[in-house]
Amino acid sequence: MSNIDVDSILELSCLSLTDERKQEFSVQIEKVLDYMDVLNNVKKVPDPSFEWPIHKDVVGREDVPESFEHPLVKENAPEYKSGGFSVPKILS
Amino acid sequence: MGVLRKIHDAIRSKALGCEELTRSVIDQIAQKNSEVNAFIDVFEARAIQMAKAQDEALANGAELPVGAGIPVGIKDNMCIDGELVTCASNILKGYRSPYTSTAVGQIMAAGFIPVGRTNMDEFAMGSSNEHSVYGPVSNPWNKSLVSGGSSGGSAAAVAAGLVPLTLGSDTGGSIRQPASFCGVVGLKPTYGRVSRYGLVAFASSLDQIGPFAQYVDDAALILESLCGFDPYDSTSENRSVEPFSANLAVDSLKGKRIGVPNQLMSQTIAPDVRESISEALKRFESLGASIDYFDFDLVDEALATYYIIAPAEVSSNLSRFDGVRYGNRNTAANSLKEMIQTTRQQGFGDEVKRRIILGTYVLSSGYYDAYYGKAQKVRAVVSETYANLFKSYDFICSPTAPTTAFEKGANLNDPMQMYLSDIATIPVNLAGLPAMSFPCGLDSSGAPIGCQLVGGWFKERELLQAAHAFERAMEFQPKYSFEGVL
């Protein structure tokens with residue numbers, strides 16, 4: 001990963017790092033990515049039934065959001081105004 | 001016999017009161033926790049209130065459930081209504097959960113009393129419990145060693161004799177590896193056995209809640225309360241809960257076939273660990289089991305697969321921590337984008353950031369097929385390989401970790417070395433299998449060694465029976481016993 005790559009990944013991750021940390025993380029992550037080359041040793045095409053060996057018929061449920069009524073929702077919010085979460089301006 | 005049945009008998013016969021026991025445990029934590037840093041919060045008011053209610057019920061002639069009055073430590077990533085849950089992260093400091101996770105709710109319904117929060121690696125990412133905003137956990141066997149992670153606080157709390165039971169979560173070995181390092185029993189159930197509702201998500205396709213105990217019998221007892229179908233978790237399995245603790249004691253393991261992967265008994269495993277596992281295998285043989293070695297060629301590939309899939313899921317799951325709805329926020333930011341970026345920068349620790357970056361990278365356009373797509377295929381190959389192995393074997397046995405607990409700070413600057421300490425546990429999570437770690441000896445410096453036993457899908461009962469037979473034959477001596485608190 002070059003520095004340019006790191007910058008674009010940081011943008012996608014909504015993270016920011018100092019230049020020193022970027023350099024340090026690049027080296028560490030490159031080492032991890034190098035290790036991933038071992039995946040190319042696996043030539044076998046898996047039986048599709050093992051993509052999810054346990055849950056073959058997952059059934060979703062209706063989501064009924066109720067939690068906004070809980071007093072802790074307001075207490076946990078960094079800023080809560082007029083029944084909503086307040087954030088800084090989108091455009092400064 | 002584990003300690004739970006002894007406590008239950010003492011409470012039922014009124015030789016011991018629930019409140020008396022709870023207060024004793026809370027005092028014990030206050031006195032001794034600073035030595036290990038296993039607990040980061042104590043639910044004193046809640047615990048005493050629950051204990052008093054149970055004493056009152058007993059006085060009124062009620063038949064108490066099996067867990068009545070038993071104190072349990074809860075890892076800092078499981079929600080309990082009104083209590084702090086921070087995942088040992090600065091970004092969630094001060095956050096109180098508005099609901100209770102199904103797993104904790106179920107053990108409370110069975111009478112168990114959550115007494116406090118146990119320390120962990122931030123968002124369960126780590127193998128040493130050094131990545132915690134509350135500081136590292138010390139190994140009760142030797143305070144200069146790590147406890148293992150990510151459920152290091154849960155393992156150390158049991159090993160230090162502070163509580164008889166704790167709950168942890170296991171995504172790539174986070175129950176079994178610290179259990180091994182701290183010389184206690186740790187069980188990761190089959191994926192889907194225990195509801196993940198209310199467990200703060202790390203990697204949703206791998207996470208599973210399970211117990212720590214000093215004795216197999218105690219782990220079996222609490223597992224009965226933990227398991228069960230939950231409509232709030234779409235990956236929860238709808239199958240009846242087996243009485244894991246009944247008929248736990250089997251006379252022999254005659255007819256049981258144990259497979260041992262050559263790759264996990266190779267030169268890469270510390271000599272003391274290899275020797276101890278060889279002794280454990282002889283013990284299994286003396287109990288009637290047959291031992292057979294086989295080649296498991298996917299050890300390195302499974303590790304690589306895990307470190308693609310888990311960070312990819314992290315990148316998605318942790319995007320919700322943005323300072324908008326809960327947790328810490330950088331209030332000095334001038335725009336929404338700056339607020340989110342700086343909140344996340346200040347809120348997350350290094351290991352979490354590393355995994356978010358890695359996960360975002362492997363999911364990004366141009367790299368997805370080469371990494372994530374390939375990893376999903378290899379994951380299926382791993383599951384298929386296990387399915388074939390379990391046609392020949394009842395259990396697969398190996399060291400839980402390639403080494404015993406290492407010195408604090410030893411691997412902090414080398415993430416790849418840290419990741420390698422999960423090499424024996426990770427393949428199990430990829431396939432969703434149940435597995436246990438239990439103590440099988442000490443190394444030359446006196447640090448515990450853990451033996452890992454893996455079973456077929458939903459074969460927890462057989463696993464517990466085998467581990468129990470081993471435990472009785474081995475008679476491993478814990479360094480600290482909870483019975484000292486009684």
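Helix α7 of chain B, spanning residues 216-226, is mostly covered, with 10 of its 11 residues buried; buried denotes under 20% relative accessible area, exposed over 50% and partly exposed in between (1.4 Å probe, protein chains only). The model is predicted: local features need pLDDT of at least 70 and side-chain atom pairs count only at pLDDT 80 or more, while totals for chains, interfaces and linings use all residues. Residues are numbered from 1 along each chain as its sequence is written, chains are lettered from A and ligands numbered from 1 in the order in which they are written, and side-chain values use heavy atoms, with hydrogens and water left out.

**Helix α7 and its end**
- The buried set in α7(B) includes B:V216, B:A219, B:L221, B:I222, B:L223 and B:L226, together with B:D217, B:D218 and B:S225.
- Just after α7(B), B:G228 adopts a positive phi of about 140 degrees.

**Overall form of chain B**
- Chain B contains 15 helices and 13 strands, assigned as DSSP runs (helices H or I, at least four residues; strands E, at least two) and numbered from the N terminus.
- Along the principal axes, the C-alpha atoms of chain B fill a box of roughly 65 × 55 × 45 Å.
- Of the 486 residues of chain B, 67% are classed as buried.
- Contacts (heavy atoms within 4.5 Å) in chain B between residues at least 6 apart in sequence join residues at least 24 apart in 76% of cases.

**Salt bridges**
- Over all chains, the whole structure holds 22 salt bridges, each defined by a side-chain nitrogen of Lys or Arg within 4 Å of a carboxyl oxygen of Asp or Glu.
- B:R46 and B:E83 form a salt bridge at 2.8 Å, N to O. B:R46 belongs to helix α3 (residues 44-59) and B:E83 to the loop between β2 (71-75) and α4 (102-109) of chain B, so the pair ties together parts 37 residues apart in sequence. Both B:R46 and B:E83 are buried.
- B:R257 and B:D394 pair at 3.3 Å, N to O. B:R257 is partly exposed at 32% relative accessibility, and B:D394 is partly exposed at 24%.
- Within chain A, a network of salt bridges links A:D7, A:D19 and A:K22.
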